[in-house]
Amino acid sequence: MKITLLGTGDATGTPVIGCNCPTCQDALKGTKSQRTRFAVLVESSQGTVLIDSGPDLRYQLLKAGTRHIDGVIWTHGHYDHFAGFAEFHRVQYNVDVYGLPETLEYILDYLQFLHPKKHEREMYEPFNLIGLEFTLFEVVHPPVKKSIGVMIREGDTKVVITGDTQRGIPQKSIDLIMEPDLLIADAIVPPTVEVKKHMNTDEAFDLANEIGAKEVIFTHLSHFFAPHEEAIKEYPLGYDGLVFEFPVK
């Protein structure tokens, strides 16, 4: 199993249009501070699956050399997590898409012109794609009524992607995601910045400790962090193009 963080930015991405902060200025130089919108690529010997499809998807797939997608799992119906699916226009039709019924209904009202193949899935019910087991679990991301994270398993390997969430993840979800090999956690800001719909870094560290994650990486990052090379001295920040392979080589 191979996991690639295609995009590690929040809804605005970094650099933010019109911003002159040190991180945005660093990002303009093409450093790891430059973050496109959220998307995760999951690959196995049998195929390729996207977790979310942010607005920068065309650029991300070209950069990753990805030629075909076997499925897309949407965590929730926010623009920065689905809008890039439109980039499949005249490239790949009838893509298999997966998610909660409410999420699919909302997103496909906009993207129906691509005629995707809809596969409704419920929380906590595992399903198989590309030889891997996926399970959707409940998280808390108001005002979205139902938002999910995704757990991926291959043999004894477990990878957990929180999706967008506050710290108060339901206990049923906590019990499911215990002891992952890798936790990819929403940590949109450092603790000096107030946030309501997401976790800050302290909360993401706390979640990682609670579930006993062997490794944690932060994503969905804002420009409120210091430039990347400075910030990683304190936080395990992801960056666009970061790859994890299991079993670890």
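Reply:

Glycine 65, with a positive phi near 75°, follows helix H2. This is a predicted model, in which local features need pLDDT of at least 70 and side-chain atom pairs count only at pLDDT 80 or more, while totals for chains, interfaces and linings use all residues. Residues are numbered from 1 along each chain as its sequence is written, and side-chain values use heavy atoms, with hydrogens and water left out.

Helices (H or I, at least four residues) and strands (E, at least two) are DSSP runs numbered from the N terminus, and H2 covers residues 57–64.

Within H2, the residues Leu57, Gln60 and Leu61 are buried, a word that stands for under 20% relative accessible area, whereas exposed stands for over 50% and partly exposed for what lies in between (1.4 Å probe, protein chains only). Because these three cover an arc of only 95° around the axis, they sit on the same side of H2; the arc is that of the directions from the helix axis to the C-beta atoms. An α-helix has 3.6 residues a turn, so residues three or four places apart point the same way. On the face of H2 turned away from its buried side are the exposed residues Arg58, Leu62 and Lys63. The buried residues of H2 are covered by, among others, E1, E2 and strand E3 (47–51), where contact means heavy atoms within 4.5 Å.

On a 1 Å grid over the protein atoms alone, a pocket is an open set of points where a 1.4 Å probe fits, with protein on both sides within 12 Å along at least five of seven lines, and lining residues have an atom within 4 Å of a point. A volume is the space filled by probe spheres set on the points, which are joined across faces, edges and corners.

The largest pocket has a volume of about 310 Å³, and of its 19 lining residues the closest to the centre are Leu6, Tyr59, Lys63, Asp240 and Gly241. Strand E1 (2–7), strand E2 (39–44) and H2 each supply at least two residues of this lining, and the largest share, four residues, comes from H2.

The second largest pocket has a volume of about 200 Å³. Of the 13 residues that line the second largest pocket, those closest to its centre are Leu61, Leu62, Thr66, Glu87 and Val91.
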